[in-house]
Amino acid sequence: MADFLMPILGAHMTEGTVVTWRKQPGERVERGEIIVEVETDKATVEVESFVAGTVEMILVDEGRKVPVGTLLAVIGVEGEQPVAARPAPAVPLPSVALPAPAAAKALGARVRASPAAKQLAQELGVELSTVTGTGPEGRITREDVEQAVRVTARPLEEAPDRQTRMRQAIAAAMSRSAREIPHFHLARDIDMSSPTAWLAEENERKPVAERLLYVVLLIKATALALREVPELNGRWIEGRVVENRAVNVGVAISLRGGGLVAPALLGTDRRTLDDLMRGFRDLVQRARAGSLRGLEITEPTITVTNLGEAGADSVFGLIYPPQVALVGFGRMTERAQIYNGEITPRPAITASLSADHRVVDGHRGSLFLGAIDRMLQEPNRL
Amino acid sequence: MRDEEIIERLLGILEELAPEADVRQLKRDVRLRDQLDIDSMDLLNFVIAVDEQFGVDIPERDYPKLRTLNDLVRYVEARLGDGASPEPGSAD
């Protein structure tokens, strides 16, 4: 049996709302299959199951907001005893969303409640075993039930709007970043003559729906450069860096009406440019529609932001914790460069690195930017 | 196809791309990028939609010519005159 908990879909996330269950009790779910849609402060996220099996129980109803870590469902795994055949808990599992400690307390407890409390609990659908009693000998009063409802089912109309919650989520993550991460910044100008010429030729041959955007070259070059400086493809967790084997470049996507998300293009370094382009196009569309998948939110190992399109010459951003690096690309402009001994105008961009000094030093950071440059000069090998 | 019909279809595409904007208020002789918050992905999606709706494939080398709504109308009109034709079943 596997517990399916409200996942942490971003460093800032403390709670989420169950929007839609894609699987019902008795239905089979495969590993990696979407089981539920969860609304966070930033988006509606399709959350995958990490195990294959049969959904045994759903414990949190659609529309309920619960803290991360709350038990949402139980999945029976092949070869294990089904839930129904195991000894039943002393009291039913909570039928309303509860903070985890309260839910844990409820198991095995004997319920004492006033008649008024019982009646109100029945009317409101509150499971009394999950309510803390404040009456004599811990007896649950009508007021306790009312308080439980206030805590567990915050009315939607009291919640701030999506835009406000988005800003709050960004504020929390970026404040943590500025507070905890000792950033340093490096920049390097990159001659884009080769990649732009190669891209123009490629796109001339491709049907319009398969054309590549040059940002995809930047993303792939970043992913390949991480193989040479793998410590930047890590997370800072409990006082040390944990390097990731997979390279999942998160891409900052601005949203209509403000705010941004940075979901991952999973397995970035192993995908072809055509495949990355398809994935990127799909990702942007879903991000702006507010429909991302759990792994895309939880698995970025580094973030790329291309603010050049918005006119910025260079980018010196804040790292999204617990990641340890952010790569920025500025505006592509014609710049005077000495080429074959002559000053000539050539397209160039400024690539920048924001890195966590606890993890890496300027020397390695410089090598990383150099590797991105080198990758871009051979676009046919990306 | 009349100019007004081309404009209507182009505005419909832009409306899909930038639903937050009131595309009916766009000035036809002012750069679209100065009036709409659009990026290269939006531009690509626009070009794909033009191909789907008008049967006009806009090559990348022509992008710089298409700065305003008027530029777009003239371009599509000219390309339709060259023999491109709206896709059957496209939004009419």
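This is a predicted model: local features need pLDDT of at least 70, side-chain atom pairs count only at pLDDT 80 or more; totals for chains, interfaces and linings use all residues.

**A strand and its partners**

A: In chain A, the residue A:Val327 stands opposite A:Leu353, a residue of strand β20(A).

Strand β20 itself comprises residues 342–356. Another of its partners is strand β9 of chain A, residues 183–191; here too the pairing is antiparallel, and it extends over nine bridges. Within this pairing, A:Arg188 faces A:Ala351 of β20(A). A further partner is strand β19 of chain A, residues 333–339, which is joined to β20(A) by seven bridges, again in the antiparallel sense. In that case the residue opposite A:Glu342 of β20(A) is A:Tyr339.

Is A:Asn340 buried or exposed? A:Asn340 is exposed, because 5 other C-beta atoms lie within 10 Å, and a residue with 12 or fewer counts as exposed.

A:Glu238 belongs to the loop between β10 (234–237) and β11 (240–243) of chain A. Its phi is near 50 degrees, again a positive value in a residue other than glycine. A:Glu238 is likewise exposed, with 6 other C-beta atoms within 10 Å.

A:Pro322 is found in the loop between β17 (302–306) and β18 of chain A. The peptide bond between A:Pro321 and A:Pro322 is cis, with omega at about 5 degrees.

The strands described so far may be set beside another sheet of chain A. In that open sheet, five strands follow the order β7-β2-β4-β5-β16, and the pairing is mixed. At its edges stand β7 (65–67) and β16 (291–293) of chain A; each has a single partner strand, so one side of each is left without a neighbour in the sheet. On average, neighbouring strands of this sheet are turned by 40 degrees against each other, with direction ignored.

Helix α7(A) has 17 residues and reaches 24 Å from its first C-alpha to its last, close to the 24 Å expected at 1.5 Å a residue. Several of its residues are buried, among them A:Leu276, A:Phe280, A:Leu283 and A:Ala287. Just after the helix, A:Gly290 takes a positive phi of about 75 degrees.

The view may now be widened to the whole chain. Chain A contains nine helices and 20 strands. Of its 382 residues, 38% count as buried. Among the contacts in chain A with a separation of 6 or more, 63% are between residues 24 or more positions apart.

The domain assignment divides chain A into domain 1 (2–156) and domain 2 (162–381). Where these domains meet, 13 residues of domain 1 of chain A are in contact with 19 residues of domain 2 of chain A. On the domain 1 side, the residues comprise six nonpolar, three polar and four charged.

Finally, chain A also touches chain B: 13 residues of chain A are in contact with twelve residues of chain B. Helices α5 (193–205) and α7 (273–289) of chain A each supply at least two residues of the side that touches chain B. The most is given by α5(A), with three residues. This side of chain A has six nonpolar, two polar and five charged residues.

Conventions
Residues are numbered from 1 along each chain as its sequence is written. Chains are lettered from A and ligands numbered from 1 in the order in which they are written. Domain bounds come from an automatic or database domain assignment. Two residues are in contact if their C-beta atoms, placed from the backbone, lie within 7 Å. Ala, Val, Leu, Ile, Met, Phe, Trp, Tyr, Cys and Pro count as nonpolar, Asp, Glu, Lys and Arg as charged, and the others, Gly among them, as polar. Helices (H or I, at least four residues) and strands (E, at least two) are DSSP runs, numbered from the N terminus. Two strands pair if DSSP finds at least two bridges between them. A residue is buried if 20 or more other C-beta atoms lie within 10 Å of its own, exposed if 12 or fewer, and partly exposed in between; C-beta atoms are placed from the backbone. The expected span of a helix is 1.5 Å times one less than its number of residues. Axes are lines fitted to C-alpha atoms, for helices over the stretch in contact, and angles run from 0 to 180 degrees between N-to-C directions.
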